Amino acid sequence: MIDLSKAFDKPEEGLKYIPVHYWNIRGHQVAFLRLIRDDGYTESWLMCDCDFQERSAPIILGSSNDPHACAAKKTVYTQVIEQEKQWYEHYLRDHSVKEAILHIFERSRAQEFLGLQYTSIYAQEVAELLSMQWRDVLVHIDELFTEEKLNLNGMILVPYTHRFRFPKEIQQLLRYMIEEPLGWPNGDAGDCFLHDLEKAIHEYTHYKHGKDAFGYGGNYPHVDAHILSMFGMKWVRDALTSYAIDAGKGDEKAKENFMDIYREIGLLTEQCRLIIEKLH
Ligand SMILES: [Zn+2]
């Protein structure tokens with residue numbers, strides 16, 4: 001039995017531990033505990049005596065003195081996930097996948113124990129609870145983002161906040177431009193850059209939503225084809241310009257062909273520019 005008075009009450013640290021649920025696994029007590037700080041901040045963890053043992057040596061992750069290595073705890077994680085999977089199998093009979101995702105997200109935000117190790121919830125974990133492939137879950141999360149109900153930070157589910165964002169295709173391009181020189185993929189370097197850039201646009205311009213810049217009639221959060229083609233053609237034109245110069249040094253026919261393509265792209269770019277102007 002976990003001795004709450006001895007192990008969990010640490011008034012000197014301003015911490016209070018409230019047991020939410022207990023399990024007895026082969027005589028080993030495991031508890032889901034809510035940690036409440038004096039300032040009202042709370043965290044919730046699955047804990048057992050292993051977390052509070054006096055140790056002569058420091059904890060080595062994955063070794064036998066690591067509290068996460070506790071077999072009883074592992075049993076609880078497995079049991080609860082199985083229960084939740086069954087519960088959601090039932091829930092999905094008369095609810096949509098999107099409703100189930102929001103349901104899981106709200107429960108994790110309320111720090112309910114869903115059989116997961118950490119309080120933040122990953123798309124892959126949602127997929128496990130719904131017995132789905134995570135790529136299929138991402139499609140639904142994508143729709144929830146478009147509906148402005150949910151967002152992903154990396155693969156972690158986070159609440160949707162209203163602010164300026166580039167369309168997804170341009171976000172991905174900007175991420176790549178930042179991370180490619182560092183060795184793609186490179187952690188969250190691209191995401192951090194993107195966040196700062198979008199935050200600055202939100203704060204210092206009149207663009208408070210991606211739609212303000214990329215059109216209300218379009219298919220935001222994706223970019224309209226004509227805008228993407230404007231970007232694409234500009235780059236192709238730049239590339240062709242230098243290529244045409246090289247070609248011009250040699251074969252006359254090659255030069256002619258490149259100049260034809262170049263002129264056509266120029267005309268299309270001009271048409272796109274006119275469309276964009278009408279949008280603003
Ligand atoms: Zn234990």
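**Stop 1: Confidence**

Begin by colouring the chain by pLDDT, since this is a predicted model. The average over the chain is 84, and 85% of the residues score at least 70. Select helix α1, residues 4–8, where confidence is lowest, at a mean of 54. Then select helix α3, residues 97–109, where confidence is highest, at 97.

**Stop 2: The sheet**

Next, display the strands β1, β2 and β3, which form an open sheet in that order with antiparallel pairing. Which strands lie at the edges of this sheet? Select residues 15–25 for β1 and residues 42–48 for β3; these are the edge strands, each of which pairs on one side only. Direction ignored, neighbouring strands of the sheet are turned by 20 degrees against each other on average.

**Stop 3**

Select Ile 25 and its bridge partner in β2, His 28. Then select Ile 18, and find Arg 34 of β2 opposite Ile 18.

Now move to the loop between β1 and β2 and select Arg 26. The hairpin here has 2 residues between the strands. As a general rule, most residues other than glycine have a negative phi.

**Stop 4**

- Ala 31, with Met 47 as its bridge partner in β3.
- Leu 33, with Trp 45 as its bridge partner in β3.
- Leu 35, which stands opposite Glu 43 in β3.

While the side chains are displayed, recall that in a regular strand they alternate between the two faces of the sheet.

The hairpin of β2 and β3 has 4 residues between the strands. Select Gly 40 in this hairpin; its phi is positive, near 95 degrees.

**Stop 5: Helices α3 and α5**

To view the contact, select Val 97, Lys 98 and Ile 101 of α3 together with Val 137, His 140, Ile 141, Glu 143 and Leu 144 of α5. By class, this contact has 5 nonpolar, 1 polar and 2 charged residues.

**Stop 6: Helices α6 and α7**

Select helix α6, residues 168–179, and helix α7, residues 189–204. Their axes come within 8 Å and cross at roughly 120 degrees. This angle makes α6 oblique to α7. In which sense does α6 pass α7, left-handed or right-handed? The crossing is right-handed.

On the α6 side of the contact, select Gln 171, Leu 174, Arg 175, Tyr 176, Ile 178 and Glu 179. These residues meet Ala 189, Gly 190, Asp 191, Phe 193 and Leu 194 in α7. By class, the contact of α6 with α7 has 6 nonpolar, 2 polar and 3 charged residues.

**Stop 7: A cis peptide bond**

Finally, select Pro 221, in the loop between α8 (210–214) and α9 (225–249). Is the peptide bond from Tyr 220 to Pro 221 cis or trans? This bond is cis, with omega near 15 degrees. In general, most peptide bonds are trans.

Terms used: Residues are numbered from 1 along each chain as its sequence is written. This is a predicted model: local features need pLDDT of at least 70, side-chain atom pairs count only at pLDDT 80 or more; totals for chains, interfaces and linings use all residues. Axes are lines fitted to C-alpha atoms, for helices over the stretch in contact, and angles run from 0 to 180 degrees between N-to-C directions. Angles under 35 degrees count as roughly parallel, over 145 as roughly antiparallel, 65 to 115 as roughly perpendicular and the rest as oblique. A crossing is left-handed if the near helix is turned anticlockwise from the far one by less than a right angle, and right-handed if clockwise. Two residues are in contact if their C-beta atoms, placed from the backbone, lie within 7 Å. Ala, Val, Leu, Ile, Met, Phe, Trp, Tyr, Cys and Pro count as nonpolar, Asp, Glu, Lys and Arg as charged, and the others, Gly among them, as polar. Two strands pair if DSSP finds at least two bridges between them. pLDDT is the predictor's confidence in each residue, from 0 to 100.
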